[in-house]
Amino acid sequence: MKYVLAVLVENKPGVLARVAGLFSRRGFNIESLAVGRTLDRSLSRMTLEVDADEKTLEQVVKQLNKLINVLKISNLTLEPSVNRELVLIKVRADAVNRSEIQQIAETFRAKIVDVSLQSLIIEVTGNEEKIEAITLLLAHYGILEVARTGKIALLRGSKTTKNGGI
């Protein structure tokens, strides 16, 4: 099962390496990882997506809690939350197919952020299903390159991961 964890950490050098090292030492793969500082510049928030069984996840959470710079871990998987990812897709586009590609982008509420004679770069924000769907459609035209952020997530409503809402 895929789990989404929000991990609040001190914003200090080496914290990301220690968290990633914990996973790699156990032969455990991080499916998605996004890190950024919070409103409080001394804290960063990591959003991790991992594919694991419950027992393995429990072990990882216990090990993460032992890291000195980890302040809080919240499992967002079963909580009502909003999950998003950002993707840039460079697709082959010439005069013949450019308008078709623009229509696909419009349909998915994506933005064309760069245009050249032979390609377009499309910015897509959404959940995994939306990103997979547009990628599948654009593959027909020839995807030249893809860059994806990791998944980010926030709890719906007034609950927060920072102040003990979970």
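Phe23 and Phe28 are both buried, meaning under 20% relative accessible area with a 1.4 Å probe and protein chains only.

Keep in mind that this is a predicted model, where local features need pLDDT of at least 70, side-chain atom pairs need 80 or more, and totals for chains, interfaces and linings use all residues. Numbering starts from 1 along each chain as its sequence is written, and side-chain values use heavy atoms, without hydrogens and water.

Next, the sheet. Strands are DSSP runs of E, at least two residues, numbered from the N terminus, and two of them pair if DSSP finds at least two bridges. Four strands make an open antiparallel sheet in the order β2-β3-β1-β4. Its edges are β2 and β4. Strand β1 pairs with β4 over 5 bridges, antiparallel, and Leu5 stands opposite Asn75 in β4.

Then there's the largest pocket, with about 320 Å³ of space. Its lining counts 16 residues, and Thr38, Arg45, Ala153, Leu154 and Thr161 are the closest to its centre. A pocket here is an open set of points on a 1 Å grid, with protein on both sides within 12 Å along at least five of seven lines; lining residues have an atom within 4 Å of a point. Strand β2 gives the largest share of the lining, 4 residues.

| Lining class | Residues |
|---|---|
| Nonpolar | 7 residues |
| Polar (Gly included) | 5 residues |

How values were computed: On a 1 Å grid over the protein atoms alone, a cavity is a set of points where a 1.4 Å probe fits but cannot get out, and a pocket is an open set with protein on both sides within 12 Å along at least five of seven lines; lining residues have an atom within 4 Å of a point. Grid points are joined across faces, edges and corners, and a volume is the space filled by probe spheres set on the points. Buried means under 20% relative accessible area, exposed over 50%, partly exposed in between (1.4 Å probe, protein chains only).
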